[in-house]
Amino acid sequence: TMEKCEVNEKCECCLKGKTARTPFPSESLSASQSVMDLTHTDVCGPIETPSCQGYKYFMTMIDDFSRHCTIYFLKEKSEVTTKIMDYVKMAKTQFRKTPKAIRSDQGGEYSSKNLQDFYKREGIKPQYTASYSPQQNGVAERKNRSLIEMVRCMLFDAQLEQKYWAEAMNTAVYLQNISPTKPRNNTPYETWHGVKPKVNHLRIFGCDAWAHIPKAKRKKLGATAQKLTFLGYSYDHKAYRLLDKTTNEIHISRDVKFIEKAPCSERAKHDRETRHQSKKPQEIIIDTTLKENPITIETQAEPEVQPAFEETREIVSEIDSDTEPRRSTRPTKGIPPDRLMANVIKHQIEQPHTYSEAIESTESTAWRAAMQEEINALQGNDTWELVRLPLGRKAVGCKWTYKRKENENGEIVRYKARLVAQGYSQKFGQDYDEVFAPVIRQATFRTILTLASKQNMIVKHLDIKNAYLHAELQEDIYMKQPPGFTKGNDLVCHLKKSLYGLKQSARAWNAKIDRVLKEMQFQQAEADQCLYIRTHEGKQDYILIYVDDIVAVYNTKEEYEELRKRLEQHFKLSCLGDIKHFLGIRVANNGDRYILDQESYIEKMILRFGHEQAKTSRVPIDPAYLKQKEESELPTNASYRSLVGSLLYVSVNTRPDICLSVSLLGRKVENPTNRDWTEAKRVLRYLKATKKHRLHLGTKSTTTECFVDADWAGDEADRKSHSGFLLKFSGALVDWGTRKQSCVALSSTEAEFVALADGCQQLMWFRKLLSDLQQLPPGPITIWEDNQSCIKIVESKRLDRRSKHIDTKYQFTRDLYQR
């Protein structure tokens with residue numbers, strides 16, 4: 001017999017080679033006793049397909065006692081702190097209680113200093129799981145899994161695109177909150193709110209929904225209901241959330257009739273009939289009298305019996321799992337290849353194009369108010385008088401234009417309706433003469449911001465309401481009455497003031513604002529006609545004009561207030577405060593410098609051209625683009641022209657890294673090929689990967705310098721070279737550009753020489769601007785050139801056997817060098 005050994009010592013070798021994880025308890029050892037004792041939270045994502053609102057993550061907040069779940073959608077994980085603060089405020093309002101403890105993992109979003117400070121202020125105890133132990137926060141982890149599985153099935157069953165996952169997630173959370181849970185004998189909703197939930201309003205996700213159209217939004221003979229798709233339940237209204245698949249717009253309505261037929265019912269019926277037929281008895285007769293004869297098989301089918309009534313849910317329940325057809329989960333399901341989408345732009349929620357579209361849209365109330373505001377402004381400004389049209393004169397037409405004004409984050413802040421004249425019918429010499437009107441150059445704008453950060457100046461943004469209406473007209477122009485606001489069919493508007501759309505309006509307005517600013521002792525800069533400078537007590541104040549947008553740069557608040565009051569004597573102003581959003585550019589100030597970016601504009605481009613799921617690119621253009629052979633032309637250049645124009649706007653404002661790429665693509669707008677379209681989309685994919693890149697203006701440096709460079713015979717089609725330059729002021733990049741040289745260079749030296757001459761021309765303009773700003777450095781400005789032969793030619797007094805164009809540029813550059 002064997003006896004038990006009394007020795008029970010731990011062996012280090014065994015511990016080293018056999019140690020396993022300590023088992024996790026199947027149930028919590030410390031159950032919560034009331035609501036808000038313990039809250040579980042976790043972040044799930046990123047989701048491969050962003051939602052319609054751009055969300056990539058979701059965060060759940062689950063009360064341990066009731067199992068009630070509150071969900072928040074996030075674009076970035078950095079939003080976690082803000083959402084937890086919102087949750088705590090909600091708990092205080094509804095229960096007059098603060099969560100005692102919040103359990104989460106140790107991710108950076110849950111361990112930030114701001115969140116820790118918030119926990120201390122509110123007396124909340126944070127509980128973190130041990131490393132690599134998500135089981136300790138099993139409530140949140142299991143909730144994430146059940147929600148993802150539920151959302152996946154809901155989208156499959158409703159046959160909706162993956163971008164609607166957030167809508168499905170909201171509905172899944174809503175349904176789980178009103179469904180019984182295992183830890184308690186009632187629903188989370190009842191434990192959370194104290195009343196039993198109602199379920200008579202529940203509908204099948206993704207079913208057809210006919211929403212009532214109010215009388216104000218339809219015509220007498222128009223349809224009274226609109227077919228939409230049911231997406232869920234609104235948390236902010238006693239109504240349903242419905243999707244218009246044609247416009248991707250979400251509607252909120254309570255007057256809805258549902259057709260609750262499961263999307264897969266037809267397939268289920270077909271599978272059921274097939275399975276029913278396969279189970280019918282068969283009579284097989286085999287003739288074996290002669291073995292050498294072939295076997296004959298005859299089948300006799302019994303009459304098919306149809307059920308008297310079939311319930312949709314019964315049909316679905318009879319489908320075998322092994323007969324369910326496989327559904328594709330490819331993100332590109334149903335989307336044609338990019339090469340076939342040259343002239344297709346993804347449909348968005350568009351602005352109304354006509355008066356009838358505006359009053360029939362779901363936003364008709366907002367558009368009507370905007371049009372009335374515009375009419376009031378026109379009448380208050382005495383823009384026209386109603387008269388009969390003189391003989392021999394023709395009235396120009398007019399139309400309404402509509403635009404949703406957005407802030408720096410892309411959120412709608414205002415609905416703007418503007419009445420514009422159809423100036424294309426005006427005749428030159430009779431209705432108008434000069435039409436040119438300048439706007440501020442972007443290089444000037446960036447230089448002023450750099451100077452403002454350097455001198456700690458105040459930068460404010462002003463908007464002049466109905467700017468063109470303040471300018472007087474010199475010509476007699478008659479216009480038809482605006483749609484929706486007519487008084488008498490035989491009357492027309494005799495314009496006294498300028499109106500948007502007239503060919504001379506911009507010039508008339510520029511003359512008006514120029515006259516007003518000069519009366520305020522401002523002087524027009526020589527380098528830029530839209531930069532106005534006033535010297536006061538040895539310091540300069542600046543005004544930048546871009547049509548009706550004004551950027552005021554001042555040294556003191558008192559001077560700015562004096563400017564604002566003076567301008568209000570002439571115009572109606574919108575004071576937008578510190579500059580944050582200017583011409584589609586987000587402007588931020590971190591204390592010692594200004595930072596520019598166009599992230600919101602780039603995101604809109606991505607949506608507009610259907611690149612939400614496109615792969616990103618690490619380079620803006622293929623280095624071998626100019627060496628590629630010509631391909632077939634696109635059937636139309638509309639989409640290509642639109643994309644290149646959008647890229648050009650980003651390039652000239654904030655992104656010098658795509659300057660060359662856009663310059664190359666811009667030469668093909670008339671007859672683009674498939675290769676050009678592919679490279680244009682590559683630039684867009686590059687912007688998608690780098691949309692958070694910022695342009696910093698203002699450093700401690702005081703140097704001003706210029707950089708020039710060129711390739712040699714880079715274009716294989718005509719062997720012309722490309723020039724490029726960069727201008728830095730006080731260490732900040734304020735101007736850049738690239739272009740194709742107009743002549744063929746016979747050597748790299750000549751190509752660099754042409755580029756140097758072009759850079760000198762730009763630098764001469766910039767010196768004039770610095771002179772206007774009283775920032776011209778005392779000595780010469782350094783130009784950096786990397787070609788030694790080019791430098792020697794500038795320093796030399798000889799130029800042997802060179803062509804005339806090189807000789808001319810040589811003399812120009814050498815003259816500047818000698819000065």
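Me: What makes the contact between the side chains of R566 and E562 a salt bridge?

Reply: A salt bridge is a side-chain nitrogen of Lys or Arg within 4 Å of a carboxyl oxygen of Asp or Glu, and the side chains of R566 and E562 meet with 3.4 Å from N to O, so the pair falls under that definition. The model is a predicted one, in which local features need pLDDT of at least 70 and side-chain atom pairs count only at pLDDT 80 or more, while totals for chains, interfaces and linings use all residues. Residues are numbered from 1 along each chain as its sequence is written, and side-chain values use heavy atoms, with hydrogens and water left out.

Me: Why are R566 and E562 described as being about one helical turn apart?

Reply: The two residues are four positions apart in helix α13 (residues 557-568), which accounts for a separation of about one helical turn; helices here are DSSP runs of H or I with at least four residues, strands are runs of E with at least two, and both are numbered from the N terminus.

Me: What relative accessible area does R566 have, and how is it classed?

Reply: Buried means under 20% relative accessible area, exposed over 50%, and partly exposed in between, with a 1.4 Å probe and protein chains only. R566 has 28% and E562 has 31%, so both count as partly exposed.

Me: Which parts does the salt bridge of E122 and K92 tie together?

Reply: E122 and K92 form a salt bridge in which the closest N and O atoms are 2.4 Å apart. E122 belongs to helix α3 (residues 113-122) and K92 to helix α2 (residues 80-95), so the pair ties together parts that are 30 residues apart in sequence. E122 is partly exposed at 25% relative accessibility, and K92 is likewise partly exposed, at 34%.

Me: Are R682 and E679 buried or exposed?

Reply: R682 and E679 are both buried, and they form a salt bridge whose closest N and O atoms are 2.9 Å apart. They sit three residues apart in helix α17 (residues 674-689), which puts about one helical turn between them.

Me: How many salt bridges does a search of the whole structure find?

Reply: The search finds 39 salt bridges. A network of salt bridges links E76, R586, D597, E599, K692 and R694.

Me: How do you know that helix α5 is largely enclosed by the rest of the structure?

Reply: Of the 13 residues of α5, 10 are buried, and that is why the helix is called largely enclosed; among the buried residues are W165, M169, V173 and N177.

Me: What makes the span of helix α5 agree with expectation?

Reply: The expected span of a helix is 1.5 Å times one less than its number of residues. For the 13 residues of α5 (residues 165-177) this gives 18 Å, and the end C-alpha atoms are 18 Å apart, so the two values agree.

Me: Why is strand β3 called mostly covered?

Reply: Six of the six residues of β3 (residues 69-74) are buried. Both faces are covered, with C69, I71 and F73 buried on one side and T70, Y72 and L74 buried on the other.

Me: How do you know that β2 and β3 pair?

Reply: Two strands pair if DSSP finds at least two bridges between them, and six bridges join β2 (residues 57-63) to β3, the two running antiparallel. F58 has F73 of β3 as its bridge partner. The two strands form a hairpin with five residues between them, and R67 in the turn has a positive phi of about 65°.

Me: What makes β28 and β29 edge strands?

Reply: The open sheet of four strands has the order β28-β27-β26-β29, with mixed pairing, and β28 (732-740) and β29 (782-784) are its edge strands, each pairing on one side only. Within this sheet, seven bridges join β26 (residues 704-710) to β27 (residues 722-729), which run antiparallel.

Me: Which strands does helix α11 touch?

Reply: Helix α11 (residues 442-455) packs on the sheet and touches β27 and β28, where contact means heavy atoms within 4.5 Å. The direction of α11 makes about 160° with that of β28, the axes being lines fitted to C-alpha atoms, for helices over the stretch in contact, with angles from 0 to 180 degrees between N-to-C directions. Helix α16 (residues 659-666) lies across β27 and β28 and runs at about 30° to β28.
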